[in-house]
Amino acid sequence: MPEPTEQAPPPEADAPTEAEQESEKTELTGLFLEKPENTVAIAGKDVVFVAKVDSSTLVRKPTMKWLKGKWLDLGSKAGKHLQFKETVHHYRPPNFMWPSDQLKNSVYTYEMKLVKVVPGDAGGYRCEVTAKEKCDSCTFEISVEGEQRHTETDLRAGEDAGEDEGDLDFSALLKATKKKKKPQPQIEESDVWELLKSAHPSEYEKIAFKYGITDLRGMLKRLKKMKTVEPKVSDAFLRRLESAYSVQKGKKIVLSVEVVDPNVEVKWLKNGQEIKPSAKYIMESNGNIRTLTINKCTLADDAAYECVIGNDKCFTEVFVKEPPVTITKLLDDYHVVVGEKVEFEIEVSEEGAHVIWCFEDQELSREDKTGRYRFRKDGKRHSLIIQEAMLEDTGMFYVYTNGGHSKGELIVEEKELEILQSIADLTVKSAEQAMFKCEVSDEKVMGKWFKDGKEVQPSDRIKITHIGRMHRLTIDDVKPEDAGDYTFVPDGYALSLSAKLNFLEIKIDYVPRQEPPKIHLDVSGNMVSQNTIIVVAGNKLRLDVEITGEPAPTVTWTKGDKVVAETEGRVRVESRTGLSSFVIEGAEREDEGNYSITVTNPAGEDKANLFIKIVDVPDPPEHVKCTGVGEDCATIVWEPPKFDGGAPVKGYLMERKKKGSSRWTKLNFDVFEGTTYEAKRMIEGILYEMRVFAVNGIGVSVPSLNSKPFMPIAPTSEPTKLTVEDVTDTTCSLKWLAPEKIGAGGLDGYVIEFCKEGDTEWQVANTDLVERQSYTVRNLPTGEKMNFRVVAVNIAGRSPPAVLSQPVTVREIMEHPKIRLPRHLRTKYIRRVGETINLVIPFQGKPRPVAHWLKDGEPVDPKKVGIRNSNVDSVLFIRSAERDHSGKYTLVLKIENMEDQATLDIRIIDKPGPPLAVKVTDVWGFNAALEWKPPKDDGNCEISGYTIQKADMKTKEWFTVYEHNRRTNCTVSDLVMGNEYMFRVFSENLCGLSEDPSLSKNTATISKTGQCCKRAPFKEKDVNAAPKFTTPLVDRSVVAGYSTAISCSVRGFPKPKIIWMKNRMIIGEDPKYLMMNHQGVLTLNIRKPSTFDGGKYGCMAVNDLGQDEVECTLVVREQ
């Protein structure tokens, strides 16, 4: 949520008095109806804090921010331990009638819940509410009491951690269990504090470690409150270090002091150790100012610092604020089956950052006893690994940092085992080999073989193998007792595959006579019809055909017209006495066809025909493409595979992935039968790719080619605030605002449509998209009532239209002519000779007014003055002004018989001529009186004064006697005895002095009188005086955001030192303040003050003879 701008507190705010703290906690302001109260919580129990805000005076929804200490934002730590809730209640005051139903008041209720309070939760808290330019805040305290604790001041409970304990708590949030603490040495509390008060600051850390104190900042703050600091006038420092400084991690900070002796050497200490100059620590000396600059602050720079001059010291604390860690790569969603590995991964903005992993409302820990979750950290990458997903893992996984959070959904479905090839019945002869084999979809599945219900155990003659997805039972040297029912049962699945092993016993009876050949074809295990054998591609076909006949017949295998006679190779014929075997190793599609076996002997011939059908997984689907998209969905279509593999296609499986990623996500586990699929739960603005698998009875095809990348986007919302700007007899000008919701698809432009009232057919006014938010529809029928609407268009299509609430009559409205004369032209307009004049006079009126100009009642000369008229204004232009351009210019605006006029008084001025008749009228003593007459040419402007110069006749060098003399006479004094003087006078107006002076007609001679001047002895006056303010500071009230200044004046000698203060604290070298001293006039400029800059401002002047001080109150009002 948005955070109010936090102004830097004044230095004294770090250590307010107890009375001020209590007042700050209880004072009610205008926004809060109910504030959180101080609470004493029991460790392990839940506690809830409630704040209510009245929105009756607000123009927009308020936002609440919960803080711990100075700057720790609790919003980033929301989770299982810290929960926030916001509700709103609408109400109407009793006995009050609202002017409309739309006016309502609301009370917003904000709750912060601490689940199972721990001692680290103790400390100071603050809640801030902001609404546009209004801001209010309140503070409250939480104290934690344990069930076995009786000491109220246990530092380890964090009671005095104050504002800074929040930073120390974060590591505790990452631990799921508490470790048992080692027993600490027992010591009375008063003894610990007495020991700390008497110890050197460099010993604090050692004492804290010895007695089990972990909250060092809280210890320092409490120790500071316990020590009685007596005011002491420093002999070495004019300005000491502030009590505390804060700086962002990675930024630099400057510590500055002002010393009395500009030549003194200072030492800087950090935690009691002297700091040596380096690139990180820069020490500078400039006059009385000594500075320590710390570059690129880290958490190691969070320490106590001292500046030492001899035996005098000043102390401060530097707090380094660590910036929030943000998540740069968010979590992905996963859709897996039971047993698959899942790895959630994020990237954060800082290396070594702490993160919290949660499943639903449960925090995950490295100390989890089940060991199902593993955590991995690699630089900025953090991973949560689930080795084997289970059904109970289905849900939302969250990851939190102190600057943000992300979530990812895990869907785990039950794994289904698919039989890709079942086992078949076998018929074998004695001493031959029998092999049962089957293929399942999961190569990790194990299984057991059974014969007639009893488990088959492997031996030298019986072998059980499992390679990939294939399971085989091989029986060598088959014997009659091997015949029976064989069953394969996969582990963990309620299914079984069965087949029968038939033992073929061959009996040879000798018949001394001839017997016609006979084919005994028995392929019942592979036959699907009378003469068709189906073989799965890649499998082996062995067709054993028993042949009888006397004498032994000749066997011939043919495929079509081609004889198959090979005895070796992938397709071959194997012959033995009374048996012919047709073998195909690794069946392929081209092996499919009609086969025949012919046996002949002298007694006759026999023939059998077979059709061998090769079945395979289907080809991949084709032409996968996206035909439509929505905000979080997309419609995918494809074409069935060209070849179905010899078995009907049962359906399809779909997968998607983000473009640039290598991880595919399954969209369905059950076979989808159609060729149009709507994929949902997608992220708007992300490019996706899709692929499809075809499934038949044999198995799953290879994936199709990836679809072209597509992006789920939605059309924008309708344009807002559609209004009519202007109407004429044939046009209508419309204007509107952009849609409130645009989305990732952006905005390409607008389409404007219109139709007559009563019609339903809309006509498009613009051929190309309009990018501006205004448009003029032209060529409309005069007098007709027209409806207008505007549609926003982006890549996803058209938005809902914005329609005018009522029809517009196309007819121009008569409007009286009106000249809008600018304010600066309502008085005399003065320009100098040679300057350019360009005056723009706006006007209004309908239809278009006719404008013309007059000068002193006559039409203006177009050769001297340029005129340009438009629909809305008239421009008067003079390239180079002359004296004769002066006069009264009148703009006349006419529409038919209506008229409006405006007059401008333009005066062009030039330098004046010289004065007339300059003469010396009288001379006496060392003085001479002059008189003259005004010049004939005043330059078309009032004479503002005269400049008088003198020159003696010897050197004839001119010296100015008077400037800006407004009278036409003057007296020149302090002339030198014995010299003769001549004079000259210049005229002056707004343009300056006249080009030529006027010389006096006569001269003035100062004669010698023979008298001598006896001067009185000089007595030096004592001008030393203590400072005294002659003009005090005046109370002021200013508006926030506008710079202001307060000023006063002081006198004193020697020149006093000026010290400006705010709330009795000296204002340092803050760039917000600019201090000026101009001959005793003191000014303090405050740049763009905020409400925090209000208060009492004082100015103190100090010199060796004393000091004086004045004060005023500055009130800063909100805009």
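This is a predicted model: local features need pLDDT of at least 70, side-chain atom pairs count only at pLDDT 80 or more; totals for chains, interfaces and linings use all residues.
**Ground rules.** I number residues from 1 along each chain as its sequence is written.

**Overview.** I looked up the secondary structure and found 5 helices and 87 strands; both are DSSP runs numbered from the N terminus, helices being H or I of at least four residues and strands E of at least two. Of the 1119 residues, 39% are buried (under 20% relative accessible area; exposed is over 50%, partly exposed in between, with a 1.4 Å probe and protein chains only). I then checked contacts (heavy atoms within 4.5 Å): among those with a separation of 6 or more, 64% join residues 24 or more positions apart.

I followed an open sheet of 5 strands in the order E11-E18-E17-E13-E14, with mixed pairing (strands pair if DSSP finds at least two bridges between them). Strand E11 (244-248) and strand E14 (273-274) stand at the edges with a single partner strand each, so one side of each has no neighbour in the sheet. E11 runs parallel to its partner E18 (residues 312-321), over 5 bridges. I picked out one of them: Ser246 has Phe319 in E18 as its bridge partner.

**Salt bridges.** My rule was a side-chain nitrogen of Lys or Arg within 4 Å of a carboxyl oxygen of Asp or Glu, and the count came to 43.

- Lys276 and Glu274 form one, with the closest N and O atoms 4.0 Å apart. Lys276 is exposed at 56%, whereas Glu274 is partly exposed at 41%.
- Asp332 and Lys658 meet at 3.0 Å, N to O. Asp332 sits in the loop between strands E19 and E20 and Lys658 in strand E48, so the pair ties together parts 326 residues apart in sequence. Both ends are partly exposed, Asp332 at 25% and Lys658 at 30%.
- Arg461 and Asp482 have their closest N and O atoms 2.6 Å apart. Each lies in a loop, Arg461 between strands E32 and E33 and Asp482 between E34 and E35, so this pair ties together parts 21 residues apart in sequence. Arg461 is partly exposed at 22%, but Asp482 is buried at 4%.

Last entry: I traced a salt-bridge network linking Lys540, Arg542, Asp544, Arg572, Glu574 and Glu585.

Methods:
Side-chain values use heavy atoms; hydrogens and water are left out.
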